[in-house]
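Here is a friendly walk through one model, for reading with the structure open beside you. We will look at ring contacts, charged pairs, a pocket and a few backbone details.

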Amino acid sequence: MGAKRRGAAAPPPGKKRGKREARAELCAALGDPALRERAAAAWGRGEPLRHEAAAVEPAPFRHGVIPGFLAGPAFAQALRHELLGLGFRRRRNDLLSLRQSEELGPRTEPHVAALRRALCEEFRVWLSAVTQIELEPTIDISCAKYEYTDVLLCHDDELEGRRIAFILYLVPPWEKSDGGTLDLYSTDEHFQPQQIVKSLVPSWNTLVFFEVSPVSFHQVSEVVCEGKCRLSVSGWFHGPSVPRPARHSEAALPRSPHIPYDHEILYEWSNLVYLDMDSQAQIQEEFEERSEILLKDFLKKEKYQILCEALENKDIQWSSRGPANKRLYETAEEDSLPDVLKKFLQFLRSEAFFLLLSNFTGLKLHFLAPSDEDEDAGEGSAADTAGQSSPRPAQEEPGQHTDSRAPQPDQPNNIPATRDGKTENGSGTPVCAGELRRWTHGHYTLVHDTQATEFALDLLFFCGCEDWDPEYGGFTSYIAKGEDEELLTVNPEDNCLALVYRDKETMKFVKHINHRSLGRLKKHPNRTGFWDFSFVYYE
């Protein structure tokens, strides 16, 4: 009902008024039977065809490029004018940042409607002949504007019935250095993206198409040029569905129980404020109310300073962690770390720290922590902390909370007892998994289909975040499964410990770090990003 009636808008300069519909004429080469047959043969054999009017390439997956797609410059200019007059909605989530129009299917603007007819009729027939896919006569089609820092990260476009994707570029003169390239990925034996092997630079009135498949991983790289607009019309042709291989399930970070360090390690590292029992009780009360808390100045200042200096060590070996359809950041090889960083990792995995987290959160991460049964029976406090009710994670309804088991008698060597029941981590013993990560321009994580969801306590400890602006990205967002709306955002902040308790319906991602972050180099010439210690604890 929001569609404009044809003729309601003033015609673009040079367009004659009248009732005659606009007609989208495609380049003459698409009407050449010989070229069509050559393109079909190349597509079918998986061979390249490089013709000035149309190119077909088999690698890294089958795709084609048609320069000068629309015959005559006047139509393309008028189409661009109409498109820029549409309403665009800002979209931001883990995967993308851009402005997008509504679906163009019902639009009645003359040149938009004419393009749609040409795609659905003449071009569909040509595409079906080349790809040997029986394409349906309707398409999904919309318009997108990418401006400074906008991006569309690695994905494969797979959705039931999608067979051919297309993009028509209506851009000003464009260079590879402007960003906004269509990057194509190679894949491994598990159909996971490996690396960018081809980048297509947008060009005025050029149409790119590719086959949607389990290996059609691609991205629109971040636009890094201020003042340019990457305008494109894109969508999908549909056809008979084809079988898809099962999605690869990767190994999770290894989980381990705590290591036996007593409370002395807490006094070595922690700000003493957080070891005060009254402070812990206050923190627990707030955490149980909100299921999250940010503890500022968590480490002693001198310890934090030593930690930051150690992170600059050139001998640390960093490796890129992917695949790109799930994440891109660097993780430290623990064997290469200076001793002080190894000791801090031991601190985060220590028995004493598990108990401290129990006192902060009310979760059963140590056998000395009070269980729900203790509280119901009115028993005294464990570990010098008053019993509190367990926190309720976001999305959880009353009555769904899983009861913790009663503590067992002390075991030899001060190792906490294994509880008699299975818990969310499947072992019955509290465990953790974690890594040291380095974040810089271009890094991110994505919500993905195989992401494990379970009750867990997330811990983030940040270093090197001086003057970090949330506009740079790099913050951790929590969302409800299947939704874009954020439940919580955790921004990087120096010497801060963030704790978040999440449930099975809560997903998280780290927002893509954009080109604006490089502006921070003016104040901190040697600081391209920040670090975090990312851990997850399971009851």
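Phe461 is buried, with a relative accessible area of 0%; buried means under 20%, exposed over 50% and partly exposed in between, with a 1.4 Å probe and protein chains only. This is a predicted model, where local features need pLDDT of at least 70 and side-chain atom pairs count only at pLDDT 80 or more, while totals for chains, interfaces and linings use all residues. Residues are numbered from 1 along each chain as its sequence is written, and side-chain values use heavy atoms, with hydrogens and water left out.

**Aromatic pairs**

The whole structure contains 28 aromatic pairs. Rings of Phe, Tyr and Trp (its six-membered ring) pair if their centres lie within 6.5 Å; planes under 30 degrees apart count as stacked, over 60 as edge-to-face and the rest as tilted. Tyr304 and Phe461 form an edge-to-face pair, because their ring centres are 6.2 Å apart and their planes stand at 80 degrees. Tyr304 belongs to helix H6 and Phe461 to strand S19, so this pair ties together parts 157 residues apart in sequence. Helices (H or I, at least four residues) and strands (E, at least two) are DSSP runs, numbered from the N terminus. Tyr304 is buried, at 9% relative accessibility.

Phe462 and Phe530 are also paired edge-to-face, with 6.3 Å from centre to centre and 65 degrees between the planes. This pair links strand S19, which holds Phe462, to strand S24, which holds Phe530, across 68 residues. Both Phe462 and Phe530 are buried.

**Charges over rings**

A charge sits over a ring if NZ of Lys or CZ of Arg is within 6 Å of the ring centre and within 35 degrees of the ring normal. Arg162 lies over the face of Trp236, 3.4 Å from the ring centre. The charged end of Arg230 takes up such a place over Tyr146, 4.9 Å from the centre of the ring.

**Salt bridges**

Side chains of opposite charge can pair when their charged atoms come close. Here a salt bridge is a side-chain nitrogen of Lys or Arg within 4 Å of a carboxyl oxygen of Asp or Glu, and the structure holds 28 of them. The table gives some examples.

| Salt bridge | N to O distance |
|---|---|
| Glu57 and Arg50 | 2.7 Å |
| Arg527 and Glu312 | 2.8 Å |
| Glu330 and Arg438 | 2.7 Å |

Glu330 is in strand S16 (residues 327-332) and Arg438 in strand S17 (residues 431-440), so their bridge links distant parts of the chain, 108 residues apart, given that strands are DSSP runs. Arg438 is partly exposed, at 28% relative accessibility. Salt bridges with shared partners join Glu312, Glu466, Arg520 and Arg527 into one network.

Arg527 sits in the loop between strand S23 (506-510) and strand S24 (529-538), while Glu312 sits in the loop between helix H6 (301-311) and strand S15 (318-321), 215 residues apart. Arg527 is buried, with a relative accessible area of 14%, whereas Glu312 is partly exposed at 31%. As for the pair of Glu57 and Arg50, Glu57 is buried at 12% and Arg50 is exposed at 65%.

**The second largest pocket**

On a 1 Å grid over the protein atoms alone, a cavity is a set of points where a 1.4 Å probe fits but cannot get out, and a pocket is an open set with protein on both sides within 12 Å along at least five of seven lines; lining residues have an atom within 4 Å of a point. The second largest pocket has a volume of about 770 Å³, the space filled by probe spheres set on the points, which are joined across faces, edges and corners. Its lining has 36 residues, of which Leu253, Arg321, Arg327, Gln451 and Lys508 lie nearest the centre. Strand S23 gives the most to this lining, with 5 residues.

The lining residues divide into 16 nonpolar, 9 polar and 11 charged. Ala, Val, Leu, Ile, Met, Phe, Trp, Tyr, Cys and Pro count as nonpolar, Asp, Glu, Lys and Arg as charged, and the others, Gly among them, as polar.

**Backbone details**

Most residues other than glycine have a negative phi, and most peptide bonds are trans. The bond from Gly322 to Pro323 is cis, with omega about 0 degrees, and Pro323 is in the loop between S15 and S16. Gln132, not a glycine, has a positive phi of about 60 degrees and is exposed, at 67%.
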